[in-house]
Amino acid sequence: MPHRMISRCKSGRGCHETCLHEHLTLDERRTIAKLLRAKTPRTRIAEILGRDRSTIRREITRNWWHDEETPRADGYWPMSAQLLATARRSRSRELERLPALRAVVIDRLREGWSPEQIAGRLRFEPNAPRRLCHEAIYAWIYSPTGQGEDLARYLPERRRR
């Protein structure tokens with residue numbers, strides 16, 4: 001059985017904090033592509049892979065390739081889907097990967113800015129290292145890395161434990 005990537009639940013949909021969700025593997029994506037070419041219903045694809053049908057629907061919707069210039073290339077391509085999924089996961093760790101962005105966020109937090117203000121301002125700064133949403137800032141603040149820097153104390157309304 002191929003190795004599956006596992007991540008902690010961040011959905012906020014009533015899952016316990018210890019709830020684990022498995023990412024689709026490249027092999028599963030190849031199976032999805034093969035079954036889609038065979039015109040297999042999404043519900044049946046989900047049954048074959050042992051996944052929820054909403055997982056399959058979301059995977060196909062997110063990673064469907066569409067190109068105006070070459071409509072014959074439209075479709076679900078497993079390698080492209082894997083690259084897109086990897087890129088989405090890496091975006092969630094931007095503050096760990098990009099020191100310039102991290103420095104800007106930390107400076108503004110220490111000046112008393114809220115994550116919403118920081119994210120909003122980054123949208124309008126032409127020389128900002130990268131755009132970022134406020135949820136990503138909160139997630140990083142409460143992550144082990146952010147907790148090590150004790151950044152939560154700079155939040156205007158700190159979350160109580």
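Predicted model: local features only at pLDDT ≥ 70, side-chain atom pairs only at ≥ 80, totals over all residues.

Me: In which loop is R51 found?

Reply: Residues are numbered from 1 along each chain as its sequence is written, and side-chain values use heavy atoms, with hydrogens and water left out. Helices are DSSP runs (H or I, at least four residues), numbered from the N terminus. R51 sits in the loop between α2 (42–49) and α3.

Me: Is R51 buried or exposed?

Reply: Buried means under 20% relative accessible area, exposed over 50%, and partly exposed in between (1.4 Å probe, protein chains only). R51 has 15% relative accessibility, so it counts as buried.

Me: Which backbone oxygen lies 2.9 Å from a polar atom of the side chain of R51?

Reply: That of E22. A polar contact is a pair of N or O atoms within 3.5 Å; within protein, one must be able to donate a hydrogen and the other to accept it, and residues adjacent in sequence count only if both atoms are side-chain atoms. Another case is E125, whose side chain has a polar contact of 2.5 Å with that of R108. E125 lies in the loop between α7 (115–124) and α8 (134–141).

Me: Which residues of helix α3 are buried?

Reply: An α-helix has 3.6 residues a turn, so residues three or four places apart point the same way. In α3 (residues 53–63), the buried ones are T55, I56, E59, I60 and N63. Viewed down the helix axis, they fall within an arc of 125° and so line one face of α3; the arc is that of the directions from the helix axis to the C-beta atoms. Exposed R53 and T61 are on the face turned away from the buried side.

Me: Which residues touch the most other members of the largest nonpolar core?

Reply: A nonpolar core is a set of buried Ala, Val, Leu, Ile, Met, Phe, Trp, Tyr and Cys residues joined through side-chain atoms within 4.5 Å. Here the largest has 18 residues, and L95, V105, L109, L132, I137, W140 and I141 touch the most other members. Helices α6 (99–110), α7 and α8 each supply at least two residues of this core. Apart from it lies another core, of eleven residues, including L24 and I56.

Me: Where is L95?

Reply: L95 belongs to helix α5 (residues 94–97), and its relative accessible area is 3%.
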